[in-house]
Amino acid sequence: MLLSLMIFIPLLGMVAVLLLPRESEELIKRATLLFTLIPLALAVYLFIAYDRSTAGTQYVVNVPWIEAFNIQYHIGIDGLSVTLLLLTALLGPICVIASWRNIEKGIKAYMALFLLLETGMLGFFAALDLFLFYVFFELTLLPMYFLIGVWGGPRREYAAIKFFLYTLFGSVLMLVAMIAVYLNSGDPGARTFDIPTLIALASTAGHALNDLNFQIWVFLGFFIGFAVKVPIFPFHTWLPDAHVEAPTAISVILAGILLKMGTYGLVRINMAMFPQGLDHFTNGVGFWGNSLALLGFINIVYGSFCALAQTDFKKLVAYSSIGHMGFVILGLAARNDSGITGAILQMFNHGVISAMLFLLVGVLYDRAHHREINGFGGLGSRMPIYTGITTLAFMASLGLPGLSGFVGEALSLLGAYDKFKMLTILSTIGIVVGAAYFLWTLQRVFLGTLNPKYEELPEINGREILTLVPLGILTIVLGVWPNFAIDMFRESVTNLIDVLNAI
Amino acid sequence: MQPLSNIESLLYFSPEILLVIFAAAVIILDLVVKDRESVAVAYLSLVGCLCTFAAVLFTHFSFGDEGPVSLFLGMIRLDVFSSFFKVLLLLATAATILFSLRSEELDARLKGEYYALLLAITFGMFLMASSTNLLMIFISLETVSLTSYILAGFLTHSPRSSEAAFKYITYGAVASGTMLFGLSLLFGMAGTGDLAQISGRLTELLAAGEIAPLAVLIAITFVLAGVGYKIASVPFHMWSPDVYEGAPIPITAFLSVASKSAGFALFIRFFYAGFGSTELMQAVDWPFMLAIVSALTMTVGNLAALPQQNVKRLLAYSSIAHGGYLLMGGVLLTSQGVGAILFYLVVYLFMNLGAFYVVVLIANEVGSEMVEGYRGLSSRAPLVAWAMVIFLVSLAGIPPFAGFFGKWILFTAVLEQGYYWLALVGLLNSVVSLYYYARIVKAMFFEDAGEETTNVSFSTGTFALLSVFVIPTIFIGFINIFYTFSNISVSVIPMQ
Amino acid sequence: MTLQHYLVISAILFTFGIFAVLTRRNAISILMGIELILNSCNLNFAAFSRFMTPPEDISGQIIAIFGIVLAAAEAAVFLAIILAIYREFGSIRPDEVDTLKG
Amino acid sequence: MIVPLISIILLCPLAAFAVFGLFSLANRRFPRQDYLSTVAMLAALVCSFLLLREVVPTPEPHTVNWISLGGVTFSMGFYLDSVTVIMLIVVTLVSSLVHIFSMGYMHGDPRYPRFFAYLSLFSFSMLFLVVSDNLLGIYIGWELVGLCSYLLIGFWFEKDSAANACKKAFLTTRVGDVGMFIGMMMLFTKFQTLSLYGEGGIFAQAAAQLSTADMVWLSIAGVLIFCGAIGKSAQMPLHTWLPDAMEGPTPVSALIHAATMVAAGVYLTARMFPILTETSSLVIAYVGGITAIIAATIAIVRFDIKRVLAYSTISQLGYMMLAIGAGSYVAGLFHLTTHAFFKALLFLGSGSVIHAFHAMHAHAHDDEHEHAHEHEHGDHDAPGHEHGEDSDSGHILGSEIPPDQDMRNMGGLRRKMPITFVTMLIATLSISGVPFIFSGFWSKDKILAGVLERAMEWNSVHHYLLFVMTLLAAGITAFYMFRLIFMTFFGEPRNQEMHEMAHESPLSMTVPLIVLAILSFPVVNTLWFNKDYVKPPPQPHLHAPQHAYLAPDSKTGGQSVALSLFGVSEAVAAEEEGGHDTHADDGHHGHGPAHTIAMVLSIIVAGSGIFLSWLFYHRRTLSAESVATTFRPIYNLFWHKYYFDEFYDGVLVALTVWKSRLFAQFDGSVVDGIVNGVGTVTRDILAAFVGIFDNRVVDGLVNRVAQVTWAIGGKVRRIQTGAIQTYLFVVLAGIVLLILIFRAL
Amino acid sequence: MEFALKNFIFYGFALMTVASALLVVTVRNIVHAAFSLMVTLFGIAGLYVFLQADFLAATQVIVYVGGILVLILFGVMMTSGRLEMRIHIERGQLLLGGVVSLALLTLLLTVIANTPAWKNLTDDGTEFPPTTKRIGELILDGPFLLPFEVVSVLLLVALIGAALISRKEVRE
């Protein structure tokens, strides 16, 4: 009930916002903030109240929905989902605050869509029914499309439709796989979309879902669906465009949450449900056995080099996201304790850090109205606080120990090395290149002589700091005390590994 | 079960009779009422629809428990399948009448004939949904076709409308002539016009080597020409973009929904009852042929829709593509497949009519059918723009709208039969389709209207009607009604 | 005078009809082609009725009669539309009536 | 008491950083922040001294679970042995002194508070590194000190040179760190832990589990871990960042780039001592040796006082590495300690000189950098913004050494700045290895002795070679250090104007100098003369070369495991262990022949170095210029840092003519060229290529698909000609085709 | 002999039908084509007679020749004027249409030849009773009542529609 409340309060908020008159913008913003703060409160409560000692799902709601297909409204949380729910709920109000002044037209529609988006994201992370999962997955598309397309930058139309088409392309393959799973889950009438049930069936010897070939194909279907979202090379090209064009808050959501939907799906569906399929792609034998790790490696190195080549601040951050998600893939491919934990941590941390980075880019863009890295210089003396926070975010992102980015990255690599020695070693190139582009950016933007154009550039203001501080604190806390997050999903990971080892 | 005699049948024929009576009444009323601006005839036709609806319910429930009956000595059949289509068609007709009320294209002086023809075409479609005899099939098809030609060319002062009618009738005449030839071959092989017996006869003859599979193949293909032209499947689709573009918008809407639905009713009944036996399918793998046709149809429809600038034409191609999706359900020979078609038709009715209604509104207010005409609509008429978004997104099949659920059921049924390639083609097509739907959305939301920034206001009635389409488009998927459709479909699938 | 005779004649008529429809750049000629097609169908029905069904069953003939009636109705509407086309375009050449395309 | 004390040590600077960092971020001054920071450091110093008594012979780590996964646990904890304590004292001591020095030196800098916050953070990180009992902790501290180094080098980030230098420092060391991380991954995969000590620690497991078959693997792991040290301790080939790091304020150079952080590499290598194999030891020793020589020779020809010291530091660090690699564990660490003090002293002294010169210079060239007006009091080190990235390439690019750091502007300062002169002289004597009363002599001698002893024991050519390198480096060190002293403090002022302005530094700066000078005498390093206080850990994986076992007293740090691998009974091993105390580097007590030889040679070498320097730069009997002319090729070799800069400049310029301006930034040295070259090639070409690839190929492919789709749409559309007979044709042809196709099926 | 004569007449009709149909689709003058069509329709009516479909034959003559053909001629008059009697034909189109038609013909002939059920069904000359009465019964009190009624609606629609569409400018 609590969970349902959390998911649907933003939807309620959307209705409420829609009912408000278009002119009362302050009211709309406050209402939106309220309707995003409530889920945050609930998420924090769930985070605290969640029983960390068990891998089982908690706060389960399971009621029939579409009986003809045995579709249920089945939601619940385990450690992984509660972590990401917290992230989502946290970024919600932050993005609302970040949008406070930047959205000039159609604030009502913006906020309504944002709330719809939040419902989709929250629901996605809580869904335990495959169909519901898919519906929530897709539910995020439409608001995102509009949020980029209407409130985005100059090439927003292109970016929006690209995002939409890419994701839809992935998700139709996922749909096929999903239907295939459903159809093979039992005799007509006994079929199910229930994720826990399907996981159990898939590990029952002799069951149709347990067939290796079947699992491989279905794995691929889901994988491509999620790969577009993650995004994994070569499905990534929507990301830079979408990021560059999207308004700040939407970039934050895009990088912070939407990318995580992909990796979350990989863990929740691909790994848990198709361990044999996973095994086929990660057993380290031959090309296919290394393929997933290879993709992770390509993502890391490719994303990093692309980031290095960028001169647009936001694009750089976008490509860095691709690189960082590569660590998640690599960690998942390792499918051992440290790999998976590292991957999950990296998901969360990347959500926090990239959110910070995009917020920071937004701060600069709001002031200078461009994002050309080479067009700045020496801002460090003009905007010390901003520089400080940026440095923190950069350092966290490039994996400086003591900040959260390190833990996930390091654990992923440590785990991956166990299986994919060469690929992991090669992936460490990403660490250096990652440092290179961030430091180079830092140098070009903040260090050196102050660009005379920006002598009057105002320092970051209180509202902006307000959006960054919680994330900064999280970055430090998780870097110093990762168990804070790991405690949540340790049992879930152990459970998952048991499933993976059982095959 | 014995077919009812002509006299016994009359009672159960009441919906059709009512339609004819109202059609006549409309013409008479039109003669009586002198006021050219009067909308009395439209409301009379609406009342006609309502009465017919009551009659449909009556006839359905009076036989609801006893199962399907044959009427008029086996000419038509009253079953839940036909009742379903009757309701669907009535909805489409009523909606079209309401659209026509708002449309400014139509000549006010001809509205008596217009509404009478609408009722008459509905009458023909009713028969299409219930015919079980080759002759009845052909006559009902011709009734619908002839009326459609006239309606398409209804704008006598418009060259486009005349051209549409001309192309439509030329195309339709050839297609139906071909179909009639196919029917004659069927008749010649089976020696009977009764659909129920044809299957058995053909099977026997094939088994006995009395007829060559080629003969059946030719017959089926020729018949497909007639049916395919009604549902606008490749390669029989080419009339539809031109006709849809040239015809009055309400008629386009009506044709794209009602005509297609009736076509599918006929298609299902004909193929399932006539060629549904296993032996026949071994001789002529028509499901596979249909699968290919279906794949081609959606691909061609979607690809051709991509560069369109005229919204009506774009929706015409989209409607072709949807015909392709629907055909997928037809190749499956399962109650799920047919149930999926039926459900999708319901969904399609709401979303497509809704989209066309917006087109009507925009054509009235902005005076353009082109995509550019939709620029800046989000600020000029936000509610209408959002409604359009919902329709288009639903047409593209994106959750949580009804179109997704329709596709979902369809694809589940397709995959259940192992047609993975077909499902994949269909799904990739739905990705492509998103692109051109999004073009309209783009124009409405991402582009500025230029100098025309005045708000467009609409009456409450408009919004009420709009919500009639919006609400089902949003919520129909969440209602637990799939069983119903599978059950309906069982009544037309005799062999399983 | 076997069934096949009639069928062959009908097939030829049908093909001629199709040929006319495809090649004659005149709306009325197309209509003639359509009439040929319909006639071939009717001939088929009549022939099948004679040879393939019991002598007392003349449903084929009746279908052919209906076919004639439908053909008449269709011809009427067709001609009406041809007139409209002539009015709007000043021509009944089908290749000149092509404003709707693409 | 251990845990609370260490906690206090760590928390003092951390708290200082946390509180003052936040204040300084907003450029708000916390009252008396500099004093409070210093007090925090002093408190840590006191605690470090208290810890001296807590050291036990076989310490156990004190750990907590930091990351606990289902199957694996990463713990974080303290490990306190004698080395730790000594390092703690060194770090806290130098840090405290630098704090005090900075109060004078940095006075008036607009970011004065921030400077102290960074110093605190650095101290915390360094201390954390030192006390960590596991590789992960060390790595964390490792990277954090790297960050501080970055922040402090770039403290005056308005200067482009500083901005470049800090980035370069971070990136170069990160290359090494990645190697270290890979090494950690290898160890982790093998042992499922990153803890070094205790029951399940890496050392215990390695000793128990590894066989000869694993030696290659272990060597690779060892070398990879050492890569971290290469980066951080500025060893060949990653040494180039350190000279550039002199862009930072001088106290930073003293603390980070002389005394502590750069020594962390040595510390790490020492910590990894138990798992070093023969191969990895040799690699370490050679890297150290080559670094020592190359850096020393480069230092001979520098004119920038700070760069001389920087190269000297590199050279000395190489020395320490060589010691550890050659098995002279204690000697290496001993030299680390002594070097920390005298090198910090040298840097601070040079800072004092620069400070003295700078005030004048700032005055004289006020107009040149008025755009940096906010630094007119604080910007001591780099008055000119116009000079290039690397002063050392000034020879090519024109004089770009900041005038206040250019020794050619100095001379005769001993009268102007007596305290600075005396303290620096003490340090120089110490580093040059002037016998008996200076600590540097003892530690250097110990290294020489250790290397020679091993060479004799193992009869190993490698080690003889290493010994020669050591000796050579020692001589050159003495030469260039005295060159510095002579050029700076003796002779006649070369730049009269600047000389006029020079003055002795304030008390806050001279006091640390004096303290450090005292520390450069061996009396205060008594701990090192206590044979039992610091004991080298066993090296179970290090075996003498096969032939060495033929010698009667052939044994290395060989412990039972190693010996038993070779079939030697444990009893024998135990006996030998007892008998010989296993180590070659107990030089102070064991006056073996090696020790004597080493001592004599070192004195001779140092003496001749000093003598030559005296001839060249004081007496001027010999002319440096004429020697340089005579040996022009060699001189040029040194001046151009082994010529690779031209080579790489040429090649790279040819490679990327279109980016020629970029190459102006290129640093001049051999490997610098490589690193930067590779860096630039990577950055500009590869990244650009990847970027283009992404745009054109990957994205292009997708767009191509879209285009093709669209094009097909256009084609399909074209079939729709508008002529009805086309449509009819399609229908009928379609029918025919369908029939034909399905007839064929 | 009688039999042979019957055959001869049959072939005559057949030839007449096919030949005139060929003219219909080939002559370039629309009026000529219309008259050829008349001959074809007559020929078919004759064939109906051979099939002993007397009512059908009569209907064919009355409706087609009397109705449709007149209609077509009216159409010709109203649209072509006197100058535009020639039918345009394009060579490429002719070729394509010819190929398709030929292919269809081949297919149909193949089917006709290869369907055993249709083989060897010779008209044995049996006389059947006249069909008119039976047709009347079947249409008014048999299964064909419904089609009959529906066709009436259809004709009404066609009537209205034809009138509607062919009327001159609605707006003067």
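This is a predicted model: local features need pLDDT of at least 70, side-chain atom pairs count only at pLDDT 80 or more; totals for chains, interfaces and linings use all residues.
Residues are numbered from 1 along each chain as its sequence is written, and chains are lettered from A in the order in which they are written. Local features need pLDDT of at least 70 and side-chain atom pairs count only at pLDDT 80 or more, while totals for chains, interfaces and linings use all residues.

Let's start inside. The largest nonpolar core holds 793 residues, and Val77(C), Ile81(C) and Ala344(D) have the most contacts within it. (Such a core is a set of buried Ala, Val, Leu, Ile, Met, Phe, Trp, Tyr and Cys residues joined through C-beta atoms within 7 Å; buried means that 20 or more other C-beta atoms, placed from the backbone, lie within 10 Å of the residue's own.) Domain 1 (1-86) and domain 2 (129-172) of chain E each give at least three residues to this core, with bounds from an automatic or database domain assignment.

Two residues are worth a visit together. Gly161(E) sits in helix α6 (residues 145-166) of chain E, helices being DSSP runs of H or I with at least four residues, numbered from the N terminus. Gly161(E) counts as buried because it has 27 C-beta neighbours inside 10 Å. Contacts here are C-beta atoms, placed from the backbone, within 7 Å, and the table leaves out residues up to four places away in sequence.

| Residue | Contacts |
|---|---|
| Val77(C) | Leu146(B), Tyr149(B), Ile150(B), Ile169(B), Ala158(E), Gly161(E), Ala162(E) |
| Gly161(E) | Leu117(B), Leu146(B), Ile150(B), Val77(C), Ala80(C) |

Now for the two chains as a whole: 60 residues of chain C are in contact with 71 residues of chain E. On the chain C side, α3(C) supplies the largest share, 20 residues.

Note on methods: A residue is buried if 20 or more other C-beta atoms lie within 10 Å of its own, exposed if 12 or fewer, and partly exposed in between; C-beta atoms are placed from the backbone. Helices (H or I, at least four residues) and strands (E, at least two) are DSSP runs, numbered from the N terminus.
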